[in-house]
Amino acid sequence: MNAPTTQAPTGAPVADRAPAGPPSPHDERPPRRRGHRRTPPALWVLLVPFLAMFAAFFIAPIVYAIVDSLFTQRSSGLGLGAPTTEFVFLGNYARALSDPSFLASLGRLVAFSAIEVPLMVATALTLALLLGAAAARAPRLFRVTYFMPYGVPGVIAALLWGFLYVPATSPVLQVLGAVGIDLQPLSSEAVLFAIANIALWGFAGYNMFILIAALDSIPSELYEAARIDGAGEWRIVWSIKLPLIRPSIVLITLFTIIGTLQLFVEPLVLRPLTTAISSDYTPNLAAYNQAFSQGDPHLAAAMAVIVAVLAFAFSALFLRIVNRKGNRAW
Amino acid sequence: MVTSTRPSTASRREASRGSVIAVNSVLALCSLYFLLPIAWVLVAATKSPGDLYSSFGLWFSDSPQAWQNLVALFTQDDGAFAVWVLNSVLYSGVGALVATVLATAAGYAFAKYAFPGRETLFWVILGGVLVPATVIALPLYFLLNAAELTGTYWSVLLPSMVSPFGVYLARIHANAAVPDEVVEAARIDGAGDLRIFGAIATRMMTPAIVTIFLFQFVTIWNNYLLPLVMLNDPRSFPITLGLTLWNSQTQRDPLFTQLVVTGSAVSVVLLVVLMVSLQRFWRADLTAGATKG
């Protein structure tokens with residue numbers, strides 16, 4: 001994420017100079033000015049309501065999940081008396097990670113990410129660049145059209161695509177069938193791509209939108225200068241546009257990685273239509289089932305934490321790769 | 001939507017005929033892709049349950065019955081669908097409103113006050129954006145269950161009032177749009193800090209505030225997992241949960257399929273109208289770093 005170029009003038013006592021960049025030691029220093037209160041009460045009035053809500057609905061559940069995942073419930077003896085809660089440390093993690101079907105769901109999730117993330121970023125980037133191309137006519141109209149699916153809830157998108165994946169109701173499959181192409185989006189080989197398509201449809205326009213905003217903020221003088229130097233459209237894309245919108249590309253890639261690891265709704269909605277999707281198709285589905293159908297919230301908590309750790313690991317790995325020296329060049 | 005401040009008319013005439021055709025063909029094909037499910041559901045919503053399966057999906061059947069389907073949609077289960085729409089509006093409207101107030105105040109505080117641990121705290125909050133929703137939703141159920149809040153409107157409303165991404169946007173925008181001189185001048189004039197925020201800063205931050213509200217509104221509107229986990233009484237369901245409830249009954253009674261189709265069409269129309277009519281307020285440039293302030 002990038003820092004704004006429009007900055008508060010230097011010398012202002014409470015200026016915030018590096019809002020989204022890496023924290024610099026200068027920002028930590030409280031203002032030292034005669035008569036200036038160090039922590040005015042207004043600060044707490046502004047900050048505490050959000051922090052309290054954040055602590056209650058973000059931090060507390062995460063802590064609860066971590067603690068919960070370290071315990072298990074044992075029914076005593078012959079089921080007489082109340083079940084007892086026992087500390088098992090990493091026992092639930094060991095159980096989850098030695099369960100072949102949970103491992104399979106993790107593998108599926110990684111495969112899904114490997115399909116979805118490049119597909120999403122490439123599509124959003126292509127759309128944004130095409131709309132910014134000199135040859136594009138009616139770019140505003142196209143932009144609204146691509147952005148529209150963002151307003152359709154994932155559940156409803158999955159329901160609609162579900163109809164389009166079943167030959168009985170799908171005009172696409174009917175037309176393809178008429179010309180001899182037999183496509184089965186819900187077969188076990190294709191279903192991951194069918195799910196990837198739903199996510200792509202819903203979010204490509206949204207990601208494109210963020211990229212367009214970044215492209216719009218490039219001063220047009222840069223293009224003019226490049227043209228005077230004899231650069232063609234491709235050259236401008238490669239040498240000016242891509243490097244300058246790099247932070248936004250990184251941002252949408254990160255959001256897409258996090259989004260793909262949460263895969264839940266689409267397989268849940270498509271499940272009645274196909275045998276290719278099991279009740280623990282993704283780790284999130286497995287966790288949900290453990291918590292609410294199988295009655296093992298402790299194992300569910302461990303599964304959820306594993307997904308979170310995976311999300312952080314992938315995000316960190318990705319940021320490491322893009323921030324490595326030498327990769328900065330393009 | 002993003003206001004393109006620099007129309008590239010100069011470069012536009014340089015494009016050759018060939019590239020105009022190529023680029024616009026690709027753009028048009030992509031439009032077909034993005035419009036396909038929407039076009040399908042709008043057409044399908046006019047059909048009888050039988051025609052849904054027996055007529056071509058992208059054209060109207062011989063006996064369209066859009067009105068009948070709408071009446072069926074709004075009368076099924078004692079008008080449950082209208083209740084779901086109202087619930088969705090309530091969850092999204094109230095949730096997004098409170099989230100916007102909290103995020104704007106916090107973002108402004110991060111931008112305009114230096115305090116120890118500011119950056120650490122900010123990065124913890126930003127980290128909240130990266131936590132998968134399931135990791136929050138499942139344990140939240142058990143927490144709210146202990147507080148006897150599950151099953152109530154509060155169980156969906158309260159968690160929806162927190163928007164870490166909103167704090168990020170508000171901080172960036174407060175930084176760019178509220179000059180420190182203005183804050184200082186108001187202080188010298190004797191205005192209290194809260195007065196400065198409420199009367200001066202919020203006015204300067206209006207574009208960011210609207211954007212935060214819209215992002216959070218759509219996020220809550222589209223949310224499925226949280227209400228799925230929290231709610232059990234269909235009268236408190238939002239549209240997403242309600243439609244999947246009906247969808248789960250299609251095995252038992254195929255007539256529900258048409259209800260799901262018509263319901264989907266109505267909810268798609270609702271949000272598409274909202275998004276297109278408010279498109280000039282979608283300031284994605286804020287997400288890209290607010291270079292225009």
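Hi everyone, a word on the ground rules before we look around. Since the model is predicted, local features need pLDDT of at least 70 and side-chain atom pairs count only at pLDDT 80 or more, while totals for chains, interfaces and linings use all residues. Residues are numbered from 1 along each chain as its sequence is written, and chains are lettered from A and ligands numbered from 1 in the order in which they are written.

Let's start with the chains. Chain A has 14 helices and two strands, and chain B has 15 helices and zero strands. Helices here are DSSP runs of H or I with at least four residues, strands are runs of E with at least two, and both are numbered from the N terminus.

Now, who touches whom? We call two residues in contact if their C-beta atoms, placed from the backbone, lie within 7 Å. By that rule, 100 residues of chain B are in contact with 101 residues of chain A. On chain B's side, helix α2 (residues 17–44) provides the largest share, 14 residues. That side of chain B has 66 nonpolar, 23 polar and eleven charged residues. For these classes, Ala, Val, Leu, Ile, Met, Phe, Trp, Tyr, Cys and Pro are nonpolar, Asp, Glu, Lys and Arg are charged, and the others, Gly among them, are polar.

Chain B itself is divided into domain 1 (12–74) and domain 2 (76–286), with bounds from an automatic or database domain assignment. The C-alpha centres of these two domains of chain B lie 30 Å apart. Twelve residues of domain 1 of chain B are in contact with 16 residues of domain 2 of chain B. On the domain 1 side, α4 of chain B gives the most, with five residues. By class, that side has eleven nonpolar, one polar and no charged residues.

On to the inside. A nonpolar core is a set of buried Ala, Val, Leu, Ile, Met, Phe, Trp, Tyr and Cys residues joined through C-beta atoms within 7 Å. The largest one has 174 residues, and those with the most contacts inside it include A:F50, A:A304 and B:A106. Helix α8 (residues 191–216) of chain A gives the most to this core, with 20 residues. Domain 1 and domain 2 of chain B both give residues to this core, so it lies between them.

Take A:A304 as an example. Which residues is A:A304 in contact with, leaving aside its neighbours within four places in sequence? They are A:A65, A:A287, B:T134, B:V135 and B:L138.

Next, a few helices of chain B. Helix α6 (residues 118–130) of chain B has 13 residues and reaches 19 Å from its first C-alpha to its last, close to the 18 Å expected at 1.5 Å a residue. The expected span is 1.5 Å times one less than the number of residues. The buried residues of α6(B) are B:F122, B:I125 and B:G128. Down the axis of α6(B), these fall within an arc of 100°, so they line one face of the helix; the arc is that of the directions from the helix axis to the C-beta atoms. They pack against α2 (41–68) of chain A together with α5 (80–112) and α9 (164–177) of chain B.

What covers the buried residues of α14(B) includes α6 (154–165) and α12 (265–270) of chain A.

Finally, two loop residues. Most residues other than glycine have a negative phi. B:D78, in the loop between α4 and α5 of chain B, has a positive phi near 55°. B:D78 counts as exposed because it has 8 C-beta neighbours inside 10 Å. B:E148 has a positive phi of about 55° and sits in the loop between α7 (133–146) and α8 (153–160) of chain B. With 9 C-beta neighbours inside 10 Å, B:E148 counts as exposed.

Note on methods: Buried ≥ 20, exposed ≤ 12 C-beta atoms within 10 Å, placed from the backbone.
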